[in-house]
Amino acid sequence: MGRLISRTLSRTLLALLLLVALAPILWTILSAFKKLRDIVTPVPKFVFTPTLENFATILLNPSIRDGLYNSVVVVGVSVFVGALLGVPAAFGLARLPARAKGEMQFFVLSLRFMPPVAIAIPFIVIYLDLGIYDTLLGLILVYLVTTVSTVIWLSVPAFERVPREIEEAAAMEGCSLGEIFLRFSLPIAAPSLFGALVFTFVLVWNELLLALTLAAENGTLPVVAASITSLGKEVPWGVINAATVILVLPPLVFIGLLMGFINRMVAPGRK
Amino acid sequence: MANIKCTNIRKSYGSVTVIEDLNLDIPDHEFVVFLGPSGCGKSTMLRMIAGLEEISGGTVEIGERDVTRLPPGARGVAMVFQSYALYPHMSVYDNIAFGLRRQKVAETEIAARVKQVSGLLGLEQLLERKPRNLSGGQQQRVAMARAMIKTPKLFLFDEPLSNLDAKLREKLRTEIRRIHLDLKTTTIFVTHDQLEAMTIADRIVLMKAGAIEQQGTPSEIFDRPATRFVADFIGSPAMNFRDCTVANRGEVVELSSGSLHLEVPAADFEPLADGTIVEVGLRPSKMDVAGDGAHNAITGRVVLVENMGSEGQVVVDVDGRDMSLVTKAFRSLSSGSPVTFAIDADSIHLFSKRTGRSLRKAA
């Protein structure tokens with residue numbers, strides 16, 4: 001009897017927590033399909049005639065379309081290049097003697113200490129001189145600082161957890177350091193590296209300040225979304241909600257793709 | 001197949017030297033065990049021969065070829081690690097086949113050799129599994145198969161059995177020994193377990209603080225320890241040590257300490273001055289219950305008897321200090337009762353108090 005009560009209680013609590021966590025997301029998704037008069041009501045409406053108007057507004061709005069495109073390019077390239085440079089760097093750091101490792105890791109971390117505001121203004125000046133102000137390339141370059149350092153910082157522990165003896169066994173079979181990295185350390189560390197990449201992706205996907213200051217015209221999605229909210233007195237709630245849904249979709253797709261990739265990589269059976 | 005020759009090996013980490021001027025020859029086909037307490041440099045030595053650890057000075061030759069500066073893969077050696085180090089993302093088959101695939105051996109030949117090796121080690125049923133789905137003993141066998149398939153010139157084992165339970169350890173020990181009798185590949189096996197070393201080795205290299213303390217066959221090490229350290233390290237229960245005073249009596253040397261009076265032939269030992277204090281070592285397994293009149297008899301009072309099945313370890317109080325012996329006749333003894341036991345003069349060891357070296361003349 002007591003067990004039944006405690007089980008019911010714990011389940012109720014779990015359901016409540018789940019509701020608290022998911023309600024805003026569900027509400028956002030619901031509102032994305034509502035007309036403005038269904039949103040701005042004293043009593044929340046659960047039954048309404050759904051509309052795709054908001055999504056149409058968003059996807060037909062060139063600034064939002066461009067923002068989405070810019071975001072995908074900028075974030076995609078900076079995370080990809082960041083991983084390409086950062087993951088091997090982390091492998092190297094993980095295998096370095098302890099003293100040099102600590103100092104280099106601290107240097108990498110120190111890149112993240114800097115508040116973005118502090119680097120934004122010098123970057124404007126430098127970018128204007130270089131002629132890459134308000135370009136996607138400029139934004140990618142500045143995001144690389146974030147992605148490379150975050151990827152390195154989060155990947156070093158992943159490689160440190162790869163048993164040293166496995167790398168040594170591979171070396172005994174005649175593998176070069178590059179082969180050891182590609183065929184052993186990378187696949188073994190992959191599940192942890194996955195987390196690092198997702199975290200890095202989300203970090204730059206949501207970045208607003210640098211995007212706002214360095215690429216105001218070729219803005220990424222957060223910049224565009226921010227501009228919608230300040231359109232005027234009549235806030236287009238439905239459009240904002242639809243924009244949110246669209247803003248959230250690419251990271252979800254990205255995570256799904258990466259997850260599939262990793263599952264394939266560590267899948268059982270040969271060939 | 002190859003002999004190994006290590007000349008003037010030195011290993012230092014920064015300013016700390018852990019191995020200095022070590023020389024070692026291992027003839028072809030021999031099964032050598034590096035034995036010693038942890039931190040004695042035995043694993044470092046093995047890793048230097050493998051090429052996993054840089055050699056600070058000296059040379060290593062495998063089969064008359066200087067490999068000192070060669071990477072591990074080019075030395076023709078295979079190693080079994082303490083943690084097995086199986087590739088977790090590959091099946092057992094792929095683990096075993098990896099080395100051959102890398103050497104671009106034809107897939108049909110790989111299949112044949114995997115079949116042969118896995119048959120030898122009883123792994124046929126497990127080839128499709130992932131290492132995490134194997135027991136410790138099975139993982140150990142896969143690691144051995146992976147090492148064997150490359151038909152290396154030299155096998156290296158780095159404490160391969162220490163993660164297994166006692167029963168499995170014994171079984172695999174026998175298996176490793178049997179495989180060596182078949183393949184005759186020169187083998188170096190590192191362990192800190194003296195019993196394992198005694199049972200498996202052709203020759204034991206006993207190390208202490210980065211230097212070789214003694215090398216020889218298990219019986220040589222057991223019966224003729226060169227130093228007190230070796231005598232103490234080998235054998236369970238451990239050797240009994242007593243400080244005794246020397247008195248020369250012509251043909252024999254008398255050693256006494258309290259009620260203890262032992263006699264050894266003077267000719268077997270280096271000349272000792274009267275009154276010198278030496279450390280006498282008595283191996284428990286070389287002593288047995290005896291009558292009162294026996295030569296080199298020791299009398300004491302039984303403290304406790306440990307039944308080990310076919311034998312018993314008896315702890316005896318002699319002059320207020322414990323001395324242990326191993327005897328089959330332990331059932332007639334009980335704590336508190338007096339007992340007389342004796343040791344053969346040939347099994348009495350004398351060590352210098354100053355240097356710790358054995359005072360017995362080399363045979």
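Predicted model: local features only at pLDDT ≥ 70, side-chain atom pairs only at ≥ 80, totals over all residues.
**Entry 1: ground rules.** I number residues from 1 along each chain as its sequence is written, and I letter chains from A and number ligands from 1 in the order in which they are written.

**Entry 2: domains of chain B.** I looked up the domain assignment, which gives domain 1 (4-230) and domain 2 (240-352) in chain B; such bounds come from an automatic or database domain assignment. The C-alpha centres of domain 1 and domain 2 of chain B lie 39 Å apart.

**Entry 3: the sheet of four strands.** Helices (H or I, at least four residues) and strands (E, at least two) are DSSP runs numbered from the N terminus, and I call two strands paired if DSSP finds at least two bridges between them. In chain B I found an open, antiparallel sheet of four strands in the order S2-S1-S4-S5, with S2 (16-26) and S5 (65-66) as the edge strands that pair on one side only. Strand S1 (residues 4-13) of chain B joins S2(B) through seven antiparallel bridges, and B:Lys11 has B:Ile19 in S2(B) as its bridge partner.

**Entry 4: helix H1.** I then followed H1(B), which lies across S1, S2 and strand S4 (57-62) of chain B and runs at about 115° to S1(B); the axes are lines fitted to C-alpha atoms, for helices over the stretch in contact, and angles run from 0 to 180 degrees between N-to-C directions. I count a residue as buried if 20 or more other C-beta atoms lie within 10 Å of its own, as exposed if 12 or fewer do, and as partly exposed in between, with C-beta atoms placed from the backbone. Nine of the nine residues of helix H1 (residues 42-50) of chain B are buried, so the helix is largely enclosed by the rest of the structure. Among them are B:Lys42, B:Arg47 and B:Ala50. Just after H1(B), I noted that B:Gly51 takes a positive phi of about 95°.

**Entry 5: the sheet of six strands.** An open sheet with mixed pairing in chain B has the order S6-S7-S8-S3-S9-S10. Strand S6 (77-80) and strand S10 (211-216) of chain B stand at its edges with a single partner strand each, so one side of each is left without a neighbour in the sheet. Strand S3 (residues 31-35) and strand S8 (residues 186-191) of chain B run parallel, joined by five bridges, and B:Val32 stands opposite B:Ile188 in S8(B).

**Entry 6: the nonpolar core.** A nonpolar core is a set of buried Ala, Val, Leu, Ile, Met, Phe, Trp, Tyr and Cys residues joined through C-beta atoms within 7 Å. The largest one has 156 residues, and B:Val33 and B:Leu156 have the most contacts inside it. Two residues are in contact if their C-beta atoms, placed from the backbone, lie within 7 Å; leaving aside neighbours within four places in sequence, B:Leu156 touches residues including B:Leu46, B:Ile49 and B:Ile188.

**Entry 7: strand S20.** Four of the five residues of strand S20 (residues 348-352) of chain B are buried, so this strand is largely enclosed by the rest of the structure. Strand S14 (residues 277-282) of chain B pairs with S20(B) over five antiparallel bridges, and B:Glu279 stands opposite B:Phe351 in S20(B).
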